[in-house]
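Hi,

Here is the structure I promised to pass on. Have a look at it first, and my notes come after.

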Amino acid sequence: MNVSAQTGTPAVKIFSNFNYDMSAEDGENAFKAFEVKRSYLGYSYKIDDRFSTKITFDVGNNEAGSSYTAFLKIASLKWKASDNLNLNVGMVGTKNFKFMEKAWGKRYIYKSLQDQQKWASAADAGMNIDYSVSNSLSIDMQILNGDGYKKVQGSDGLMRGGAGITYKKGAISIRASQDIKPRISYTENDATQTISTIAGMYNTTKITMGGEYNIQENTDNVLDNTKTGMSAYADFQLNDNYSLFGRYDQMSSENVNGEQWNIDKDGDLIIFGIQRKMTKGVTVALNMQTWQDATLEGEEEAEAESTLYINLEYKF
């Protein structure tokens with residue numbers, strides 16, 4: 001082992017915001033709040049030229065209602081088996097929406113679509129493999145418990161798997177992937193859930209644009225229940241410190257009878273704003289986030305609800 005190669009790096013990242021409800025009715029007090037939404041506390045360590053390890057705690061809310069609970073998000077060992085092959089094992093970062101999250105580039109403002117809609121978890125216990133076929137082409141595979149990093153393996157013992165392929169050429173990157181969640185039971189209404197994704201990104205020093213199309217078939221292992229999610233985003237760099245950005249999401253659902261079975265969560269999201277890099281590790285953004293519920297054909301269009309945000313990311 002090359003002892004001289006051993007190095008460690010701590011890392012802290014915090015997301016906070018102030019938000020103000022712009023859709024309050026006349027005579028009502030508009031909701032407003034300061035929030036600390038998330039804090040990541042981590043440490044990475046290079047053991048030698050082939051092995052490295054990383055640990056990250058995610059401090060945020062949980063389903064039980066606590067606003068600040070620490071979860072073990074990452075506890076992984078990375079083995080660089082060759083110049084082309086890497087293997088991660090333990091509590092690992094998943095591949096489901098990492099490409100799209102990077103293309104969007106503003107996790108501190110809003111999660112990427114699959115993350116926001118809880119289609120998959122950002123981390124899970126299991127393993128993943130990355131293989132570089134060439135400088136332009138790479139493939140990856142993963143097998144996971146499938147319950148995310150906030151839960152232990154379910155009593156059914158079923159695992160979740162996936163694979164993807166990424167192509168990069170100059171400023172353009174394209175990714176296609178599929179995630180598979182097996183069914184628990186075998187009645188006529190049960191089926192394996194799959195998530196198929198195609199995503200792309202165009203990135204230069206001035207402009208970043210990205211988009212994704214996701215289809216979740218047999219949602220929650222219910223036969224012929226389908227969700228569709230589309231997201232498009234762009235960032236235009238005005239100068240070294242300022243940029244303008246925008247994003248549009250659309251969520252829809254359909255079952256075998258053509259009905260919008262998940263209409264309570266279907267709708268459209270629009271985000272637009274301006275971002276400023278204050279100094280190294282500190283970024284602030286003023287933005288408007290607007291959500292409009294979907295409605296059934298023939299119904300009156302739902303009223304859009306808008307919230308003004310000042311988001312802050314600070315890391316070191």
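This is a predicted model: local features need pLDDT of at least 70, side-chain atom pairs count only at pLDDT 80 or more; totals for chains, interfaces and linings use all residues.

Below is what turned up, starting with the rings and ending with the cavity.

Residues are numbered from 1 along each chain as its sequence is written, and side-chain values use heavy atoms, with hydrogens and water left out.

On to the aromatics. Rings of Phe, Tyr and Trp (its six-membered ring) pair if their centres lie within 6.5 Å; planes under 30 degrees apart are stacked, over 60 edge-to-face, and the rest tilted. That rule gives five aromatic pairs. One of them is Phe51 with Trp79: the ring centres are 6.2 Å apart and the planes at 10 degrees, so this pair is stacked. It links distant parts of the chain, with Phe51 in strand E3 (residues 51-60) and Trp79 in strand E4 (residues 69-80), 28 residues apart. (Helices, H or I with at least four residues, and strands, E with at least two, are DSSP runs numbered from the N terminus.) Phe51 is partly exposed at 24% relative accessible area, and Trp79 is partly exposed at 33%. The cut-offs there: buried is under 20% relative accessible area, exposed over 50%, partly exposed in between, with a 1.4 Å probe and protein chains only.

Trp104 and Tyr233 make a tilted pair, 6.1 Å centre to centre with 55 degrees between the planes. Trp104 is in helix H1 (residues 98-104) and Tyr233 in strand E12, so the pair ties together parts 129 residues apart in sequence. Trp104 is buried, at 4% relative accessibility, and Tyr233 is buried as well, at 6%. Ring pairs join Trp104, Tyr233 and Phe245 into a cluster.

Trp104 also has a charge over its ring: the charged end of Arg247 sits there, 4.9 Å from the ring centre. Likewise, the charged end of Lys150 sits over the ring of Phe71, 5.1 Å from its centre. To count, NZ of Lys or CZ of Arg has to be within 6 Å of the ring centre and within 35 degrees of the ring normal.

Two individual residues next. Phe236 is in strand E12 (residues 226-237) and is partly exposed at 40% relative accessibility. Leaving out residues up to four places away in sequence, Phe236 touches Lys206, Ile207, Tyr242, Ser243 and Leu244, where contact means heavy atoms within 4.5 Å. Thr283, in strand E15 (residues 282-293), is buried with a relative accessible area of 10%.

Last, the cavity. On a 1 Å grid over the protein atoms alone, a cavity is a set of points where a 1.4 Å probe fits but cannot get out, and lining residues have an atom within 4 Å of a point. Searching the whole structure finds one cavity of 30 Å³ or more. The largest cavity has a volume of about 100 Å³, taken as the space filled by probe spheres set on the points, which are joined across faces, edges and corners. It is lined by 14 residues, and Lys95, Asn96, Ser177, Gln178 and Asp179 are the closest to its centre. E9 gives the most to this lining, with four residues.

Cheers

Methods. On a 1 Å grid over the protein atoms alone, a cavity is a set of points where a 1.4 Å probe fits but cannot get out, and a pocket is an open set with protein on both sides within 12 Å along at least five of seven lines; lining residues have an atom within 4 Å of a point.
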